[in-house]
Amino acid sequence: MSEPTGKSSPTVYLYELAWILPSIAIPVGMLAALTVTVFGVGMHLPTVEGRVPAAQVAQTAPFDVPGIKQVGPGRYEVVMTSQIWTFAPNEIRVPAGSTVTFVATSKDVVHGLLIAGVHVNAMLLPGQVTRVTARFDRPGEYAMLCHEYCGIAHHTMWGKIIVEPAS
Ligand code: CUA
């Protein structure tokens, strides 16, 4: 037997509520989480840190002299270029407990910079400056990999960061 038209049972209302409430609560919750991460924790997408002429990276400061320099107690800056199929510098040594900022770009095609064991996972675009910072507490070797396909020898494009025990 069907129910009389124009009247819904309380059970139907409950079913509707069970769908409607989460469909409001979930987006509101996601929006709140987004607000907290952006404005509270300060997480955001990488922004443009600067540009250099893509065809003249090798002649443009600071990328004309890639390398590592100490910028403070326990703080280092690595100016890095990427090109098929290597990073320059390709081997970096720092003492344990160092905070290292990488200022990097590409001389030719899109490369990647991924450092295993720390939170570095960035793209290196020709002419665009990428800046990422990581702290190296644990002594050992950290692999530094290109993780954007950049041609036939992409898989050989890697280097390492050697973290020496603090004296
Ligand atoms: Cu450079 Cu893959």
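Analyst: A strand here is a DSSP run of E, at least two residues long, and strands are numbered from the N terminus. The model is predicted.

User: With that in hand, in which strand is serine 82 found?

Analyst: Serine 82 belongs to strand S2, which covers residues 75-83.

User: Is serine 82 buried or exposed?

Analyst: The cut-off for buried is under 20% relative accessible area. Serine 82 has 0%, so this residue is buried.

User: Which residues is serine 82 in contact with, leaving aside its neighbours within four places in sequence?

Analyst: The contacts of serine 82 are Phe87, Thr105, Ser106, Lys107, Asp108, His111, Leu124 and Met157.

User: How should I read the pairing of strands in a sheet?

Analyst: Strands of a sheet pair through backbone hydrogen bonds, and the pairing is either parallel or antiparallel. In this model, an open sheet of 5 strands runs in the order S4-S10-S9-S6-S7, with mixed pairing.

User: Which strands stand at the edges, and why?

Analyst: S4 and S7 (120-124) do, because each has a single partner strand, which leaves one side of each without a neighbour in the sheet. From one strand to the next, the twist averages 20°.

User: How many bridges join S4 to S10?

Analyst: There are 5 bridges between S4 and S10, and the two strands run parallel. Within this pairing, proline 95 is opposite glutamate 164 of S10.

User: What about charged side chains?

Analyst: Side chains of opposite charge can pair when their charged atoms come close. This structure holds 5 salt bridges. One of them joins arginine 93 and glutamate 164, with an N to O distance of 2.9 Å. That pair links distant parts of the chain, 71 residues apart: arginine 93 sits in strand S4 (residues 91-95) and glutamate 164 in strand S10 (residues 158-164).

User: Which residues are linked with Arg93 in a network of salt bridges?

Analyst: Glu91 and Glu164 are linked with Arg93 in that network. Between glutamate 91 and arginine 93, the closest N and O atoms are 3.5 Å apart. Glutamate 91 is partly exposed at 42% relative accessible area, arginine 93 is partly exposed at 46%, and glutamate 164 is partly exposed at 32%.

User: Which residue forms a salt bridge with glutamate 77?

Analyst: Lysine 69 does, and the closest N and O atoms of the pair are 3.6 Å apart. Glutamate 77 has 18% relative accessibility, so that residue counts as buried. Lysine 69, at 47%, counts as partly exposed.

Methods:
Residues are numbered from 1 along each chain as its sequence is written. This is a predicted model: local features need pLDDT of at least 70, side-chain atom pairs count only at pLDDT 80 or more; totals for chains, interfaces and linings use all residues. Side-chain values use heavy atoms; hydrogens and water are left out. A salt bridge is a side-chain nitrogen of Lys or Arg within 4 Å of a carboxyl oxygen of Asp or Glu. Buried means under 20% relative accessible area, exposed over 50%, partly exposed in between (1.4 Å probe, protein chains only). Helices (H or I, at least four residues) and strands (E, at least two) are DSSP runs, numbered from the N terminus. Contact means heavy atoms within 4.5 Å. Two strands pair if DSSP finds at least two bridges between them. Axes are lines fitted to C-alpha atoms, for helices over the stretch in contact, and angles run from 0 to 180 degrees between N-to-C directions.
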